[in-house]
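Me: I'm new to reading protein models. Could you walk me through this one?

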Amino acid sequence: MAEAKVESLTDNEWSGGAFPYAVGHRKLGMWLFIMSDSLTFCALLIGYSFARASSENWPTPFPFYPSIVFSSVMTLVLLSSSLTMVFAVSASSRGRKSAARKWIFATMFFGAAFIVLHLIEWGHLMDEGLYINGLPDEWAERWPGSTSLFGSAFFGITGLHMFHVFTGLCYLGVIAARIKKFTHEDVETSGLYWHFVDLVWMFVFPLIYLMSVDFTPH
Amino acid sequence: MEQSKEKEQLIMNGILALLAVGALAVAGWTAVVNQFKGGIDDLFLILVCLLGALLFAINPLIWAYNNGWISNPFAGDKAGEEATEVMEHAHGGSNRENVIIWGALLFLTAIEVFLAYIHLDQTLMLIILMGLSIIKAALIVAYFMHMKFEKLSFILTIVPILVVLLCLFAILFPDSFRIRSQRQQSTVSQQQH
């Protein structure tokens, strides 16, 4: 009955149907948020590339272990969390809410693993002396003319991304805790947010890590 | 009532079609008269005009298609495919399909990490890495975020405008090379004094 009503509302865009996109208002709102947030990340990444291209020298300090191994495993973890989130949404679309909750918990586990791995990776770099406003002395000698912009760009971009992952964990936690009261559209919307966080990492990982690989053996 | 609505549609689509043709004319005029003497600036103007023409033309084209005046040249005999797509619409892709996409994403990531360890020119590597990343992003948006299974009007609202906005950021980028060369010139002139 309700579906037939929605069908008639979406029938004709020109006659002012209530759902001209055949998408609910929550999902449309999430898509608009994703658009604006992708502009935020694009601005940061372009700003980082700008600073890098206009600098005389830019450190390329990431060794195979720990940095590249950790970031590759983090990519694997985040992609897997996206897959479990897809399963959660597909279970929810079939009305199997407790299965959807289990898949959301799996997603949250992978998301938490991502944050833990990332913090360990940050710890490695901080031990070497990299901070948001300073380079390690050793790096400044190896790459003369490089500035503390490296640390600002690195911690700024990965930090904002990590904050998004953390926000996503809270969001998914609320959805999973009260999944009986939420509709399928709510679960789908949280899935959209989570996939977006994954998508951003697909650009952060090559630009920040893979473009700064250290070839020289220690 | 019905007649006046049809008249309104005819007028609105006529205006949009005229705007599309106008944008195409500006693009063509720029290409013929300036002959790309302005370099990137001309290219940018032409691209913006073409994008504008595309955005204006979408509605008249859909309208004409719905009225049966034009047919989709790529349609072929896809009736069977469309039927399965309609069936899948409610649930998005199957789980098997999603696992395959996941595998493809992991494979592309592995290629990226491998490429990072081949000594390539930085610009070439940046282009390859960004190309692969855009493919990965498209896979995520299309399958994981179900964009492929949304209504066409929704896709046309979200995707083109996002691409245009993201490209607009890149306009500033060439300035970075100018800053770099200016800095080098100023250090050279300081050493001469």
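Predicted model: local features only at pLDDT ≥ 70, side-chain atom pairs only at ≥ 80, totals over all residues.

Me: What box do the C-alpha atoms of chain A fill?

Reply: Taken along the principal axes, roughly 70 × 40 × 25 Å.

Me: How do I read the way two helices pack?

Reply: Two packed helices are described by the angle between their axes and the distance between the axes. Axes are lines fitted to C-alpha atoms, for helices over the stretch in contact, and angles run from 0 to 180 degrees between N-to-C directions. In chain A, the axes of α4 (residues 97–128) and α6 (residues 149–177) come within 10 Å and cross at roughly 155°. Therefore α4(A) is roughly antiparallel to α6(A) (the term for angles over 145 degrees).

Me: Which residues of α4(A) and α6(A) make the contact?

Reply: Two residues are in contact if their C-beta atoms, placed from the backbone, lie within 7 Å. Among them are Phe105(A), Met108(A) and Ile115(A) of α4(A), along with Met162(A), Phe166(A) and Leu172(A) of α6(A). By class, the contact has 13 nonpolar, 6 polar and 1 charged residues. Ala, Val, Leu, Ile, Met, Phe, Trp, Tyr, Cys and Pro count as nonpolar, Asp, Glu, Lys and Arg as charged, and the others, Gly among them, as polar.

Me: How many residues of chain A are in contact with chain B?

Reply: 38 residues of chain A touch 40 residues of chain B. Helices α2 (25–54), α3 (64–93) and α7 (184–209) of chain A each supply at least two residues of that side of chain A. The residues on this side divide into 27 nonpolar, 9 polar and 2 charged.

Me: And which residues of α2(A) are buried?

Reply: A residue is buried if 20 or more other C-beta atoms, placed from the backbone, lie within 10 Å of its own. In α2(A), Met30(A), Trp31(A), Ile34(A), Phe41(A), Tyr48(A) and Arg52(A) are buried. The buried residues of α2(A) pack against α6 and α7 of chain A together with α6 (152–169) of chain B. Across chain A, 37% of the 218 residues count as buried.

Methods
Residues numbered from 1 in each chain as written. Chains lettered and ligands numbered in written order. Buried ≥ 20, exposed ≤ 12 C-beta atoms within 10 Å, placed from the backbone. Helix = DSSP H or I, 4+ residues; strand = E, 2+ residues; numbered from the N terminus. Parallel < 35°, antiparallel > 145°, perpendicular 65-115°, else oblique.
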